[in-house]
Amino acid sequence: MPRPFWRSLIRSLIPHQYVMSVYDLDLHDLRARGVRGLILDLDNTLAAWRFGQPEPRLAEWVEGAKARGFSLYIVSNDLGPRVDLFSRFLGIPGVARAGKPRRRAFQRAIRALGLEPGEVAVVGDQVFTDILGARPLGCHTVLVVPVSRREFVGTRLVRRLEGLLLRHLAARGLLDGPVGPASGRGRSDRPSEGLTDGEAGGRPADSARGGGPPDGGDFLC
Ligand SMILES: [Mg+2]
């Protein structure tokens, strides 16, 4: 049986949901879970890393979320000018150089939203920054498939470890997804792509659509 530290660490790495893109977030379901705020990563979540520009479709999605009563906030490890560009275009606040997975920027955003951690969903494309930083705070966490393959060289190295982790979680039935249309968007080396439903995870109704969050309890069994 894993020791408590490892059990806690493993639990912190398991997203509650895994979707193809922000457009595949089920906002109705999130509201039903009590989520009222969305903290969004920028690079490879809202747009391609470094060079992706804000698009009208993204602005429409943000307006739709606002209309449903969600408050939104960008928390990014990117530099200030790029975060400012997206914040102005989308009309939502943001913080740059967030230092994820450190929790300070998440906590700042949660306070700014005027919500409790359990009322916030953190959406991002990296397990070791977005999910690891947010889940221990008590936030709902949603992993998305990266918008593009292009990314910081250090991130590409971490992706190898992340890929191993996600494949292991899927094999243990602790992660289902990514949920969403096979749009061709994002990376092709995500663990569930090319797998049948049964191979992709044994809890099809849990992590994606409303069951209890995976706790990683049988991760090492
Ligand atoms: Mg990112």
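The sections below describe loop residues in a predicted model.

## Loop between β2 and α3

N44 is found in the loop that runs between β2 (37-40) and α3 (56-67). The phi angle of N44 is near 65°, which is a positive value in a residue other than glycine. Most residues other than glycine have a negative phi.

Is N44 buried or exposed? N44 has 25 other C-beta atoms within 10 Å, and a residue with 20 or more counts as buried, so N44 is buried.

## Loop between α4 and β4

G91 is found between α4 (80-90) and β4 (94-95), in the loop that links them. With 11 other C-beta atoms within 10 Å, G91 is exposed, because the cut-off for an exposed residue is 12 or fewer.

## Loop between β4 and α5

R97 is found in the loop between β4 and α5, and P101 lies in the loop between β4 and α5 (104-113) as well. The phi of R97 is near 45°, a positive value in a residue other than glycine. R97 has 12 C-beta neighbours inside 10 Å; exposed means 12 or fewer, so R97 counts as exposed.

The peptide bond joining K100 and P101 is cis, with omega at about 15°. Most peptide bonds are trans.

Technical notes. Residues are numbered from 1 along each chain as its sequence is written. This is a predicted model: local features need pLDDT of at least 70, side-chain atom pairs count only at pLDDT 80 or more; totals for chains, interfaces and linings use all residues. Helices (H or I, at least four residues) and strands (E, at least two) are DSSP runs, numbered from the N terminus.
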